[in-house]
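Subject: Handing over a structure

Hi,

Here is the structure I promised to pass on to you.

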Amino acid sequence: MSWIRETEAKSGDPPPVIKVMSINPAAMESVTNLSQALFFGGSVLTRVQEEAIATVVSVINKCRY
């Protein structure tokens, strides 16, 4: 069992990997905007389709994250 308490994420909350930057809100906003532009900006696929592809690639690469 992990010693880190996990809480239920609220809708609209940034993912934990971004949320750790909350001490520097400008940096957190910049990283969020960059990731949105890079990963979800210029495709004809829907976000669900892009996430599904990312999940399959992660499984194939045996990536735990």
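**Where two helices meet**

Gln36, Phe39 and Phe40 in α2 meet Arg47, Glu50 and Glu51 in α3, where meeting, touching or being in contact means having heavy atoms within 4.5 Å. Sorted by class, this contact of α2 with α3 has two nonpolar, one polar and three charged residues. For the classes, Ala, Val, Leu, Ile, Met, Phe, Trp, Tyr, Cys and Pro count as nonpolar, Asp, Glu, Lys and Arg as charged, and the others, Gly among them, as polar.

Before going on, a word on what you are looking at. This is a predicted model, in which local features need pLDDT of at least 70 and side-chain atom pairs count only at pLDDT 80 or more, while totals for chains, interfaces and linings use all residues. Residues are numbered from 1 along each chain as its sequence is written, and side-chain values use heavy atoms, with hydrogens and water left out.

Now the overall layout. The protein chain has three helices and zero strands, and along the sequence the pattern reads α-α-α. Helices (H or I, at least four residues) and strands (E, at least two) are DSSP runs, numbered from the N terminus. Of the 65 residues of the protein chain, 5% count as buried; buried means under 20% relative accessible area, exposed over 50%, and partly exposed in between (1.4 Å probe, protein chains only).

Back to the pair of helices. Two packed helices are described by the angle between their axes and the distance between the axes. Here the axes of α2 (residues 25-40) and α3 (residues 47-60) come within 11 Å and cross at roughly 85 degrees. Those axes are lines fitted to C-alpha atoms, for helices over the stretch in contact, with angles running from 0 to 180 degrees between N-to-C directions. The two helices are therefore roughly perpendicular to each other (angles under 35 degrees count as roughly parallel, over 145 as roughly antiparallel, 65 to 115 as roughly perpendicular and the rest as oblique).

Which residue forms a salt bridge with Arg47? It is Glu51, with the closest N and O atoms 3.3 Å apart. A salt bridge here is a side-chain nitrogen of Lys or Arg within 4 Å of a carboxyl oxygen of Asp or Glu, and by this rule the count comes to one. Glu51 and Arg47 are four residues apart in α3, so about one helical turn separates them. Glu51 is partly exposed, at 35% relative accessible area, and Arg47 is partly exposed too, at 45%.

Glu50, also in α3, is buried yet has no salt bridge. The nearest side chain of opposite charge is Arg47, 6.1 Å away (Lys and Arg count as positive and Asp and Glu as negative; His and the chain ends are not counted). Leaving aside residues up to four places away in sequence, Glu50 touches Phe39, Phe40, Ser43 and Leu45.

**Two other spots**

Lys19 is in helix α1 (residues 16-19) and is partly exposed, at 42% relative accessibility. With residues up to four places away in sequence not counted, Lys19 touches Asp13, Pro14 and Met28. Its C-alpha atom is 9.9 Å from that of Glu29, 10 residues apart along the chain. Glu29 sits in α2 and counts as exposed, at 51%.

Finally, look at the segment after α3, where you will find Lys62. Most residues other than glycine have a negative phi, but phi of Lys62 is positive, near 55 degrees. Lys62 is exposed, with a relative accessible area of 74%.

Cheers
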